[in-house]
Amino acid sequence: MNYTENEMRRYRCCFTGHRPEKLGVTEEKIKMLLSSAVDDAIERGISTFITGMARGFDLWAAEVVLQKKEKYKQIHLICATPFPGFERSWQEKWRLLYTKIAREADLRVAISDRYYRGCFQKRNEWMVWHSILVIAAYNGQPGGTRNTMDFAERCEVEVRNILGGSNG
């Protein structure tokens with residue numbers, strides 16, 4: 001059976017959240033909250049999760065999804081990067097985690113072929129357009145996470161902020 005993109009997005013969820021230095025919450029706490037949110041999404045019938053592969057929340061979300069794949073064989077992980085090689089300047093521990101996740105993902109997509117001003121927002125919008133739910137870690141600070149949540153709300157895509165409330 002061939003599904004339209006609109007039908008397929010009903011089974012997809014993406015993530016948006018701050019970098020670790022901006023989060024103000026420990027990795028362990030975030031992963032605990034993510035685990036619960038991902039379980040809830042799976043119970044709702046979501047089977048595909050999209051991560052933007054940024055340091056911190058995005059990579060931790062991907063780790064949680066990959067752990068869940070051991071129990072839930074039907075789920076998939078898509079890595080949506082803004083452009084190839086955007087992780088090159090990171091510290092080694094983050095690059096290693098990025099490489100491990102990319103290797104284990106079901107699909108890898110680079111939204112742009114090169115860096116340009118606005119490519120991160122384009123990646124975020126692509127993720128929202130392909131999802132019915134956004135799981136966010138938003139603490140009230142301006143930036144890409146807030147912009148992605150605002151975009152999702154304009155597109156009538158549900159946002160679940162694991163740091164409190166539906167829209168922060």
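**Notes on a predicted model: contacts between side chains**

1. The side chains of Lys 69 and Asp 106 meet in a salt bridge, at 2.7 Å from N to O. Asp 106 lies in the loop between α5 and β4 (107–110), and Lys 69 in the loop between α4 and β3, so the pair ties together parts 37 residues apart in sequence. Asp 106 counts as partly exposed, at 40% relative accessibility. Keep in mind that this is a predicted model.

2. Asp 39 and Lys 68 give another case. Their side chains meet in a salt bridge of 2.8 Å, N to O. Asp 39 is in helix α3 (residues 27–43) and Lys 68 is in helix α4, so this pair links distant parts of the chain, 29 residues apart. Are the two partners buried or partly exposed? Asp 39 has 22% relative accessibility and counts as partly exposed. Lys 68 has a relative accessible area of 13%, which is under the 20% cut-off, so Lys 68 is buried.

3. Now look at helix α4 itself. The helix runs over residues 57–68, which is 12 residues. How many of its residues are buried? The answer is 11 of 12, so α4 is mostly covered. The buried set includes Phe 57, Trp 60, Glu 63 and Lys 68.

4. Turn to the rings. A pair of aromatic rings is described by the distance of the centres and the angle of the planes. The model has 11 aromatic pairs by the rule used here. In one of them, Phe 15 and Phe 57 sit edge-to-face, 6.3 Å centre to centre with 70° between the planes. This pair links distant parts of the chain: Phe 15 belongs to strand β1 (residues 12–17), Phe 57 to helix α4, and they are 42 residues apart. Both Phe 15 and Phe 57 are buried.

5. Phe 86 and Phe 120 form another pair. Their ring centres are 5.8 Å apart and their planes meet at 65°, so the pair is edge-to-face. Where do the two residues lie? Phe 86 is in the loop between β3 (76–81) and α5 (92–104), while Phe 120 is in helix α6 (residues 119–129). The pair therefore ties together parts that are 34 residues apart in sequence. Phe 86 is buried, with a relative accessible area of 9%. Phe 120 is partly exposed, at 27%.

6. These two rings also belong to a cluster. Ring pairs link Phe 86 and Phe 120 with Phe 83, Trp 90, Tyr 98 and Tyr 115.

7. Arg 146 has two contacts to check. Its charge lies over the face of Tyr 138, 5.0 Å from the ring centre. Arg 146 also forms a salt bridge with Glu 153, where the closest N and O atoms are 3.7 Å apart. Arg 146 counts as buried, at 18% relative accessibility. Glu 153 is partly exposed, with a relative accessible area of 32%.

8. One last item concerns shared partners.

Conventions:
Residues numbered from 1 in each chain as written. Predicted model: local features only at pLDDT ≥ 70, side-chain atom pairs only at ≥ 80, totals over all residues. Heavy atoms only, no water. Helix = DSSP H or I, 4+ residues; strand = E, 2+ residues; numbered from the N terminus. Expected span 1.5 Å × (residues − 1). Buried < 20%, exposed > 50% of the residue type's maximum accessible area, 1.4 Å probe, protein only. Phe/Tyr/Trp six-rings, centres within 6.5 Å; stacked < 30°, edge-to-face > 60°. Lys NZ or Arg CZ within 6 Å of the ring centre and 35° of its normal. Salt bridge = Lys/Arg side-chain N within 4 Å of Asp/Glu carboxyl O.
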